[in-house]
Amino acid sequence: MEGAFSYAPAIAAFPLAAFVVALTFGKWMPRKGAIAGIAATAGSLLFSLWMLAAVASGEVYHETLYEWTAGEAAGEVGDGIEFTFGILIDPLSALMLVIVSLVAFLVHIFSLGYMNAEGETGLPRYYAGLGLFTFSMLAFVYADNLLMAFMFFELVGLCSYLLIGFWFRTRSAPSAAKKAFLVTRFGDYFFLIGVVAIAATFGTVAFAGDDSFVAAAETAIADGDTLFGFDAQTWVTITGLLVLGGVLGKSAQFPFHTWLPDAMEGPTTVSALIHAATMVAAGVYLVARMFGYYALSPTALAIIAFVGGFTALFAATMGVVKDDIKQVLAYSTISQYGYMMLGLGVGGYVAGVFHLMNHAFFKALLFLGAGAVIILMHHEQDMWKMGGLKEKAPVTYYTFLAGALALAGIIPFSGFWSKDEILYDALIVGLNEPVIMAAYAMGLVAVFFTGFYTFRMVFLTFHGEPRSEAAEDPHPVGWAVKVPLLTLGVLALVAGVANLAPVAKILGVDIVFLEHWLDGEYGAVEGLTYSAYGELLAYETGVIGSEQLTILVAAGLSLLLAFSGAGLAWKLYNVPEPVAHKERLGSARRTIENNYYQDEYQVWLARGFTLPLSRAADRFDQTVIDGSVNGISTASLFGSSWVKRLQTGIVTNYAALIVAGFIALLVFLGVYGGWF
Amino acid sequence: MTVGVEYYVLLSMALFSIGLFGVLTRRNALMFLMSVELMLNAANINLIAFAFYHGNLTGQVFALFAMALAAAEVAVGLGIILVLYRNFRDVDVTVPTTMRW
Amino acid sequence: MMIEALIAVALIGALVTFMAPNRIAGKLAFAISLVPAALSIWMFTAFDGSGNALLDGTLAFESHLEWIQLGEYSISWFVGVDGISLPLVVLTTILTSLAIMSSWTPIDDRESQFYGLILFIEANLIGVFTALDFFLWFIFWEAVLIPMYLLIGIWGGPRRKYAAIKFFVYTNVASLVMFGAFIALIFGLGDGVTSFALPEIANAMLNGGPEGLFGLEGTTLASVVFIAMFLGFAVKVPVVPFHTWLPDAHVQAPTPASVLLAGVLLKMGTYALLRFNFTMFPDQVEAYAVPIAAIAVISVIYGAMLALAQTDLKRIVAYSSVSSMGYVILGLVAYTQFGVGGATFQMVSHGLISGLMFMAVGVIYNATHTRLVTDMSGMADRMPVAVGILVAGAFGYMGLPLMSGFAAEYFIFFGAFGADFPYAPLFTSLAMFGIVIVAGYLLFALQRAVFGPYELETDYEVSRAPLHDIAPMFVLLGLIIALGVAPDLIFQMITDAVDPILSGGDL
Amino acid sequence: MAVFQLAEWTAMAPALILAGTALALFVFDSISPHSTNRSLLAGTAAGGALASLAVAVWFIVAGVGTPTVDGGLGEITVLSDQFVVDQMALYFMIIVAIVTALIVVASYDYLVGHAYQAEYYSLVVLAATGMSMMAAANSLVTIFIALELASLPSYALVAILKDNRGSVEAGLKYFLIGALSSAIFLYGISLVYGATGHLQLDNIAEVIAAGDADPYGGLLGLGILMLIGGFAFKTASVPFHFWAPDAYEGAPAPISGFLSSASKAAGFVILFRVFTEAFPLGDQMNALIGFDWTVAFIILAIVTMTVGNFAAATQNNVKRMLAYSSIGHAGYALIGVAGLSADGGELVMGAAMMHLLVYGFMNTGAFLFVALAEHWGVGRTFEDYNGLSRQAPIACAAMAVFMFSLAGIPPFGGFFSKFFLFMGALEASAANTAMLAVAAALVVNSALSLYYYSRLVKALWIEEPATTRDRLARPTGLYAAIVVAAVMTVLILPGFGPVVDAALDAAVAALG
């Protein structure tokens with residue numbers, strides 16, 4: 001199947017073509033460009049599956065396709081450097097390609113029901129945006145070097161901006177779009193420094209191969225080199241953390257998470273595709289992609305794990321008080337990506353990727369389900385105006401429920417398996433590392449909140465009595481909505497089969513397919529395998545009693561918490577006339593409702609600090625700098641009006657002045673020449 | 001018996017200064033003109049005295065030229081003073097001050 | 001004789017247009033301007049030079065005629081292009097054509113004079129980028145001022161007179177300082193130099209340097225000259241704190257003049273810095289690297305902060321030009337291949353992008369007669385294509401990958417990060433913060449002006465822009481993306497000319 | 001071309017032709033005192049000026065003044081060395097002839113309806129004769145006579161609008177200051193004569209070189225200073241500049257142009273000649289008078305350019321602005337003397353000579369534009385000039401050329417000469433660091449001058465007219481003169497090579 005890879009560029013090229021077609025001819029096409037998008041993503045999906053099959057057959061692909069530019073590298077290495085576009089298809093990227101193209105494909109179909117059927121205007125722009133996004137995301141996924149990854153990482157940010165701001169005629173959407181771009185840009189600032197630093201340090205930005213920066217870093221650490229005045233280990237940590245800035249921004253991790261809830265201003269389909277399943281995953285994916293590099297730096301990993309654990313809990317607590325269905329999902333997304341970061345941070349490469357995959361499916365499902373609910377509710381998003389949709393929209397309900405169970409981590413839905421694996425990995429490392437233990441603890445507590453807000457959402461939306469006219473008479477949804485829901489619903493249920501690690505360990509059966517997949521059992525690029533990473537990791541693991549016992553304890557704890565959260569939600573909200581119960585939170589309520597004032601301080605940073613500072617700079621510029629320029633001119637003209645007064649108009653004065661001037665010259669020269 | 005050249009120079013300088021004083025103080029155009037003539041003649045004295053001193057005639061000849069030129073200058077000057085009077089009804093040189101600054 | 005042909009066509013075209021009736025002047029000027037554009041593109045494809053024009057490189061399209069013998073020094077008509085100047089020539093000719101087309105709508109008074117001046121400016125700009133004799137170069141350099149002064153003064157905004165005179169006098173003073181410094185240097189070089197040909201002077205500088213003058217040691221003289229020339233060019237670039245003429249000039253200038261001002265005129269300063277300071281004074285560059293880098297960083301950050309405080313779209317773009325030029329300085333002072341090459345690349349890239357931005361702002365202004373973001377909202381509703389291009393341009397400005405701005409900035413950052421001067425990574429990282437602020441003010445402006453519900457404070461009916469307003473912007477956008485995707489279209493050519501600079505002429 | 005099989009006195013032909021023309025006009029005036037045949041009068045005068053120009057150019061091309069070792073004909077002396085025709089003399093004769101021709105052609109229209117046509121033209125040509133002779137004068141006697149020959153008609157010309165108070169006032173002030181200056185100048189001559197016993201320039205130099213003047217150092221120094229006063233008057237340099245703004249403002253505009261271009265150039269040529277020939281720099285000279293006389297010129301140059309430019313900056317009257325600018329340019333040209341040194345200075349002096357030639361075109365042109373505006377009757381201030389370009393684009397374009405050229409902006413002739421001066425000043429700084437101050441002053445003043453020159457361009461091109469005007473006439477003579485001046489101002493830039501050669505050769509020859 002080696003020939004398959006020569007078609008790899010087409011995976012990204014299809015959606016790019018769809019972008020161009022939709023943008024230029026969309027207006028005159030039936031369905032305004034949707035067909036082009038669906039065809040393109042279907043093509044991408046098929047080709048991605050083909051790549052997956054090719055990798056499964058033991059092939060990998062790492063090829064430079066295009067030289068962007070090349071030149072002399074300055075800095076620590078004096079040799080030339082090439083900046084190229086290349087494709088790296090290994091187990092990780094092949095898997096991600098499938099996830100992205102699948103979700104994109106489903107979202108395109110769903111859009112027929114969500115956008116076209118609802119009579120939106122500007123659809124060519126919408127489909128063009130989706131096409132461009134899919135192109136960028138796929139290209140990011142199989143990028144074979146850090147610079148190319150950065151470039152497409154930025155492009156997906158652009159698409160996110162454009163699509164969040166799709167309804168640009170409102171005030172809120174453009175504002176949210178701006179915020180999303182800005183906050184992620186802030187992260188990307190660090191990322192770009194990281195890229196530049198890595199390129200300048202190692203003279204390469206390749207992810208894989210002997211001349212990758214990961215290999216170079218390993219050598220440098222081994223040789224005890226000094227890089228930019230730091231020892232190699234520290235420098236790797238610094239650059240790794242710089243790149244992490246981009247990751248935190250894109251994956252909406254604390255403290256860059258604030259943009260994601262606002263991004264819900266975009267169409268729900270966009271939220272499903274970009275702000276849940278794929279683009280937000282880009283950050284986590286990047287960590288996985290260059291995991292070998294982070295593995296060299298325990299400090300960086302510990303920070304990743306801690307930030308992940310903290311974000312998981314932090315976001316989950318905010319999710320419990322939200323009234324807007326999409327807001328709940330947004331915070332849940334932040335929280336879930338926190339888990340993935342935690343997983344990767346503790347060295348659970350497989351667990352992290354596993355959760356990434358599962359989350360893509362069930363979160364896309366939940367968002368699309370929410371989209372369906374929004375259609376049902378005539379574009380109402382407030383859960384307090386819903387209720388009782390269970391009977392009226394059974395397909396939506398049951399698929400949504402599947403997604404919710406997966407999200408809450410209820411056995412045997414997919415989310416349970418991956419989340420449990422993350423927590424297990426965190427626990428065994430945490431037993432020796434207090435920082436990781438703290439991260440684990442936060443992740444564990446977050447499970448409770450996850451269960452609670454998930455089922456609070458389910459109960460408020462679907463159970464009880466209808467609380468508004470729209471809820472009593474929902475708008476019907478068509479096949480274009482149901483097909484994607486059903487597809488993703490099935491995946492949410494069964495995707496966990498990919499890696500039943502606890503079962504495997506307890507029962508001793510070899511059913512950890514994903515682990516084998518990522519470990520290169522079928523085929524992999526050298527150095528980019530789970531076991532290769534494992535060798536680099538400096539973590540010690542411990543167990544509670546035996547390994548099996550540890551597994552059971554971990555799984556039991558998280559299940560218990562998930563159930564209790566869900567149960568609490570059931571008790572409070574699965575009633576015909578639910579009430580908010582927010583007063584029970586007491587003094588914490590305001591804080592949580594205001595998202596811990598995270599938005600406030602960031603807005604203050606922008607408006608309260610930067611803007612006044614810039615105004616002060618402007619005033620300084622106008623008065624001091626420009627003032628001195630104008631001052632010189634004014635002074636000259638003043639001097640001018642003074643000089644010309646010498647010319648009194650009276651000829652006798654002229655004579656006197658001439659004589660005076662002459663005598664002055666005479667005296668000066670006389671003194672100078674020593675006459676006197 | 002000859003008078004030393006320095007006395008001629010002193011005389012000429014005195015004359016020059018008197019002329020200059022006149023130029024600076026007199027407001028009547030004619031007086032102004034006469035004062036200038038004094039200054040020119042101071043130069044002539046010098047020329048002649050130095051010619052004598054140096055023993056060549058250049059200075060004396062030049063003094064003749066200078067007198068002729070002074071006369072021409074006065075002719076032009078008087079013409080101008082005439083039109084001055086016609087336009088300003090005065091020969092006070094400080095009166096015409098329409099152009100200044 | 002290609003370069004002569006370029007200049008002559010533009011000059012004669014300027015005269016012809018000046019005499020032509022107003023009603024056909026625009027079309028006529030456009031047609032004429034296509035000739036230099038086509039010729040320069042042909043030159044680009046037929047370019048066979050290599051190395052640096054000043055450092056024994058092989059020049060393309062060279063011509064060298066003795067002109068004036070001034071005592072021991074000869075002044076000649078000496079033109080030619082290398083990999084640094086050719087892209088700028090092409091930029092100039094293309095941008096001029098496009099600027100002319102974009103003037104058809106806004107210019108409705110004294111057209112023949114307007115277009116005549118634009119062509120005149122083009123001739124001089126080509127001269128600036130091709131002249132290799134100091135005096136010849138300086139003639140073109142100064143001659144640019146006149147048409148720009150008149151363009152701003154006659155067709156500009158309400159405060160055009162102030163802006164025009166400020167631009168004129170300020171940049172002229174700077175030129176005088178620079179001229180004096182350079183002449184002093186030539187005298188300081190002594191008998192080794194017998195002409196104003198830049199290659200000869202560069203060679204003399206790199207092989208021994210000045211002997212001393214005015215009682216100064218040779219090295220001291222070189223430093224004084226370096227600083228004076230840097231200050232002279234700094235005004236033109238402009239570098240903080242010599243930038244205040246720029247926003248005034250930009251805001252008051254008519255859009256097409258802004259396009260040329262930002263697109264090409266600012267590059268004169270950086271081009272000259274590269275050709276003079278950074279080619280002839282490698283020792284001084286090294287000695288003053290830290291202060292220059294600091295100035296660059298201040299320009300970037302301070303310029304961006306100022307842009308953030310503005311509400312006039314043109315002022316925003318103007319200040320952001322200050323910021324972008326800071327990157328160029330940073331790239332130059334890095335003195336690495338990517339740094340200097342990236343700086344040159346940024347000159348071209350910024351020329352295209354800022355040209356595009358000014359055109360887009362101009363199109364909106366043509367329709368709304370205001371440029372204040374506070375006066376309008378939701379323009380995307382009425383002018384989707386124009387706004388689309390404005391957004392694209394804004395992202396180009398922010399350095400979106402696959403657009404030329406990213407390539408330029410990345411090259412500069414990469415080149416500067418590994419530079420040899422102290423704290424280079426720190427300076428680079430600080431300067432890079434500009435990419436966040438630039439996103440801040442551009443997105444803020446976009447949010448206010450082009451998105452949101454449609455509102456307009458002025459009483460004008462806003463309709464879609466005509467094709468001849470949009471077409472030039474598409475061309476620019478195409479070029480921006482082409483250079484972003486394939487920077488090697490010009491970057492290899494540039495680095496070929498930059499390498500000899502970095503190796504001190506020993507290639 | 002074997003020019004001088006002719007008698008030696010024919011070397012003065014450029015001046016003699018002018019003199020003949022003047023006499024012819026006088027004769028004509030005597031025969032027909034009230035003739036208003038403007039074409040004939042202006043034509044004769046112009047013909048004389050052009051013939052003078054042609055002969056001067058012919059001479060210079062034929063090699064008069066070019067040292068014989070270079071294959072030229074060498075300097076030609078007339079009247080026992082009282083006059084010398086060398087390259088510098090011819091060069092300045094050319095300047096005078098050009099300016100005269102321009103002025104005369106322009107006056108054709110300016111003098112419409114004027115009573116004293118013939119007198120006017122003959123006085124102009126007579127003054128030109130004096131200036132032409134100044135160029136060749138080689139002894140203090142001839143210098144003084146030529147100077148007076150140039151001055152006396154000038155006084156009359158300034159006051160020729162007899163019913164115009166401004167003109168009369170201008171004439172009066174010019175005359176009075178002129179008379180005072182002549183007196184001082186003559187006194188200076190007498191002192192120099194006293195110190196050296198000679199009036200012939202080369203003889204003076206010989207006496208000084210021989211050390212025979214050593215006892216009279218103070219006398220000589222004072223004399224030199226007084227000579228400087230006389231030159232300063234003629235060139236309108238500080239402190240003898242006070243007449244200039246008033247005289248130029250009040251005089252008929254063509255006469256202002258004539259005085260500020262030709263008369264100034266003539267003043268400079270005697271300045272150059274006297275100081276290079278009679279008082280060559282050197283240790284001997286310095287010891288004799290106690291200091292290096294360039295110091296005086298450095299001070300004068302700085303003060304003159306500063307006073308001129310600063311006073312010009314805020315003028316409201318265009319003519320007065322040009323008058324002050326003319327003082328400023330005198331300051332620039334003074335650099336040509338200030339930058340001399342014992343072993344060089346060709347470049348700086350040559351640059352000053354180039355500047356005076358270019359100045360002959362651009363400044364005359366500018367004053368002729370003012371003449372045109374007076375002819376139109378649009379008023380005298382900047383505001384009155386507002387928006388003229390809408391009605392008279394060609395003339396206004398020409399004026400813009402003059403202004404930018406005066407400001408030293410390329411691609412016009414003024415650029416080269418000014419920057420060569422700047423260069424020359426810097427070169428001179430190598431020997432005399434005080435010249436750096438001059439260079440710095442030049443920079444400051446250039447910037448300021450740009451401000452006020454562009455103010456006029458602004459008025460013409462940028463401002464909208466305050467009042468509606470009738471169609472403006474296009475007087476042929478004035479237009480022709482202005483356009484020719486403008487075209488020359490532009491074309492002189494590419495054609496600067498021969499100018500540079502001529503000026504530098506002349507400077508080299510003069511500095512010996």
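In this predicted model, helix α4 of chain D, residues 117-136, and helix α10 of chain D, residues 253-278, have axes that come within 8 Å and cross at roughly 25°. Angles under 35 degrees count as roughly parallel, and the crossing therefore makes α4(D) roughly parallel to α10(D). The crossing of α4(D) and α10(D) is left-handed. On the side of α4(D) the contact is made by D:Val124, D:Ala128, D:Met131, D:Met134 and D:Ala135, while α10(D) contributes D:Phe258, D:Ala262, D:Ser263, D:Ala266, D:Val269 and D:Ile270. Sorted by class, the residues of this contact between α4(D) and α10(D) are ten nonpolar, one polar and no charged.

Helix α4(D) also packs against helix α3 of chain D, residues 87-110, at an angle of about 170° and with the axes 8 Å apart. Angles over 145 degrees count as roughly antiparallel, so α3(D) is roughly antiparallel to α4(D). In this pairing, D:Ala89, D:Phe92, D:Met93, D:Val96, D:Thr100, D:Ile103, D:Val104 and D:Ser107 of α3(D) meet D:Tyr120, D:Tyr121, D:Val124, D:Val125, D:Ala128, D:Met131, D:Ser132, D:Ala135 and D:Ala136 of α4(D). The contact of α3(D) with α4(D) divides into 14 nonpolar, three polar and no charged residues.

We turn next to the contacts between chains. Of the five pairs of chains in contact, chains A and C share the most contacts. Chain B and chain C, by contrast, are joined by no contact, and their closest C-alpha atoms lie 24 Å apart.

The contact between chains C and A takes 43 residues from chain C and 41 residues from chain A. On chain C, the elements that each supply at least two residues to the side touching chain A are α14 (289-308), α16 (337-368), α17 (379-382), α19 (404-417), α20 (424-432), α21 (434-449) and α23 (488-502). Helix α21(C) gives the most to that side, with seven residues. By class, the side of chain C that touches chain A has 29 nonpolar, twelve polar and two charged residues.

The contact between chains D and C takes 32 residues from chain D and 30 residues from chain C. Two or more residues of the side of chain D that touches chain C come from each of α14 (346-376), α17 (413-431), α18 (434-462) and α20 (496-511) of chain D. The largest share of that side is given by α18(D), with eleven residues. The side of chain D that touches chain C divides into 23 nonpolar, five polar and four charged residues.

Chain C also holds a strand pairing, in which strand β1, residues 60-70, and strand β2, residues 73-81, run in the antiparallel sense over eight bridges. Among these bridges, C:Leu65 has C:Trp77 as its partner in β2(C), and C:Ser63 is partnered by C:Val79 in β2(C). The hairpin of β1(C) and β2(C) has two residues between the strands, and C:Gly71 takes a positive phi near 60° there.

Most residues other than glycine have a negative phi, and most peptide bonds are trans.

| Residues joined by the cis bond | Omega |
|---|---|
| C:Val240 and C:Pro241 | about 10° |
| D:Val238 and D:Pro239 | about 0° |

C:Pro241 lies in the loop between α9 (218-236) and α10 (245-252) of chain C, and D:Pro239 lies in the loop between α8 (217-235) and α9 (243-250) of chain D.

In chain A, A:Asn595 has a positive phi of about 55° although it is not a glycine, and A:Asn595 is found in the loop between α26 (588-593) and α27 (598-643) of chain A. The domain assignment of chain A gives domain 1 as 75-86 + 165-594 and domain 2 as 600-673. Taken over C-alpha atoms, the centres of domain 1 and domain 2 of chain A are separated by 64 Å.

Technical notes:
Residues numbered from 1 in each chain as written. Chains lettered and ligands numbered in written order. Predicted model: local features only at pLDDT ≥ 70, side-chain atom pairs only at ≥ 80, totals over all residues. Axes fitted to C-alpha atoms, helices over the stretch in contact; angles between N-to-C directions. Helix = DSSP H or I, 4+ residues; strand = E, 2+ residues; numbered from the N terminus. Parallel < 35°, antiparallel > 145°, perpendicular 65-115°, else oblique. Left-handed = near helix turned anticlockwise from the far one by under 90°. Contact = placed C-beta atoms within 7 Å. Nonpolar A, V, L, I, M, F, W, Y, C, P; charged D, E, K, R; others polar. Pairing = 2+ DSSP bridges. Domains from an automatic or database assignment.
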